[in-house]
Amino acid sequence: QAARQQVHVESIAGVAEAYSQLARLQGGNADSTTGDTSAALENQGRALAMRQKLAVRYSGNAAYQRDLAESYLSISEILGARKQPASQERNAALALETYRRVLSINPSDRAALEGVAASHRAIGAAKESLGKMKDAAAG
């Protein structure tokens with residue numbers, strides 16, 4: 001029973017990663033191949049929903065928390081490309097909060113440390129787009 005549950009959880013994480021990868025290909029970052037930000041946002045939203053459930057259920061699992069943070073940050077990037085800075089800032093702030101949660105579990109998590117920096121950059125870019133230059137300098 002426990003082994004079957006673990007396979008189910010890993011399957012959910014795998015499907016979420018597949019949606020996230022598809023979103024990146026569609027338009028979720030600078031390396032996208034199609035520029036379809038609507039589809040990218042939809043697929044990253046699917047990944048986010050699955051990752052939120054895993055992160056809540058396994059709150060002490062740094063990998064699931066990191067995956068959730070990566071979804072928030074990816075959504076923030078997509079929203080930035082779509083010129084939606086308020087939503088971009090909100091998702092980048094959620095990413096930052098979640099990366100900090102990862103670091104509370106594992107202080108030496110290099111990906112989370114890089115995610116904190118990327119989240120700060122995204123928050124600054126969003127604030128700059130919103131005309132909050134003073135706030136952008138503060139991160």
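User: How many aromatic pairs turn up in a search of the whole structure?

Analyst: This is a predicted model, and searching the whole structure gives 1 aromatic pair. The partners are Tyr58 and Tyr64.

User: What makes Tyr58 and Tyr64 an aromatic pair, and why is the pair called tilted?

Analyst: Start with the distance: the ring centres of Tyr58 and Tyr64 are 5.7 Å apart, and rings pair if their centres lie within 6.5 Å. Then take the planes, which are 55° apart. Stacked needs under 30 degrees and edge-to-face needs over 60, so 55° for Tyr58 and Tyr64 ends up as tilted.

User: Which residues does Leu54 touch, and why is Leu54 called buried or exposed?

Analyst: Leu54 sits in helix H2. Its relative accessibility is 6%, and the limit for buried is under 20%, so Leu54 counts as buried. Not counting residues up to four places away in sequence, Leu54 touches Val9, Ile12, Ala13 and Tyr64. Leu54 and Tyr64 are 10 residues apart along the chain, with 6.3 Å between their C-alpha atoms.

User: What makes H2 roughly parallel or antiparallel to H3?

Analyst: The axes of H2 (residues 37-57) and H3 cross at roughly 155° and come within 9 Å. Angles over 145 degrees count as roughly antiparallel, so H2 is roughly antiparallel to H3. As for handedness, H2 passes H3 in a left-handed crossing.

User: Which residues make that contact, and how do they divide by class?

Analyst: From H2 the contact includes Thr37, Leu41, Gln44, Leu48, Arg51 and Leu54. From H3 it includes Tyr64, Leu68, Ser71, Tyr72, Ile75 and Leu79. By class, the H2 and H3 contact has 13 nonpolar, 7 polar and 2 charged residues.

User: Ser71 is in that list. How do you know whether it's buried or exposed?

Analyst: Ser71, which is in helix H3, has 0% relative accessibility. Buried means under 20%, so Ser71 counts as buried. Leaving aside neighbours within four places in sequence, Ser71 is in contact with Gln44, Ala47, Leu48 and Arg51.

User: And H3 with H4: why is that pair called parallel or antiparallel?

Analyst: Two packed helices are described by the angle and the distance between their axes. H3 (residues 62-81) and H4 (residues 85-105) have their axes 8 Å apart, at an angle of about 160°. Since over 145 degrees is roughly antiparallel, H3 is roughly antiparallel to H4. The crossing of H3 and H4 is left-handed. Among the residues meeting there are Leu68, Tyr72 and Leu79 in H3, and Leu94, Tyr99 and Val102 in H4. The contact of H3 with H4 divides into 13 nonpolar, 7 polar and 3 charged residues.

User: Stepping back, what pattern does the protein chain follow, and how many of its residues count as buried?

Analyst: The protein chain has 6 helices and 0 strands, so along the sequence it reads α-α-α-α-α-α. Of its 139 residues, 40% count as buried. For contacts with a separation of 6 or more, 55% are between residues 24 or more positions apart.

Notes:
Residues are numbered from 1 along each chain as its sequence is written. This is a predicted model: local features need pLDDT of at least 70, side-chain atom pairs count only at pLDDT 80 or more; totals for chains, interfaces and linings use all residues. Side-chain values use heavy atoms; hydrogens and water are left out. Axes are lines fitted to C-alpha atoms, for helices over the stretch in contact, and angles run from 0 to 180 degrees between N-to-C directions. Helices (H or I, at least four residues) and strands (E, at least two) are DSSP runs, numbered from the N terminus. Angles under 35 degrees count as roughly parallel, over 145 as roughly antiparallel, 65 to 115 as roughly perpendicular and the rest as oblique. A crossing is left-handed if the near helix is turned anticlockwise from the far one by less than a right angle, and right-handed if clockwise. Contact means heavy atoms within 4.5 Å. Ala, Val, Leu, Ile, Met, Phe, Trp, Tyr, Cys and Pro count as nonpolar, Asp, Glu, Lys and Arg as charged, and the others, Gly among them, as polar. Rings of Phe, Tyr and Trp (its six-membered ring) pair if their centres lie within 6.5 Å; planes under 30 degrees apart count as stacked, over 60 as edge-to-face and the rest as tilted. Buried means under 20% relative accessible area, exposed over 50%, partly exposed in between (1.4 Å probe, protein chains only).
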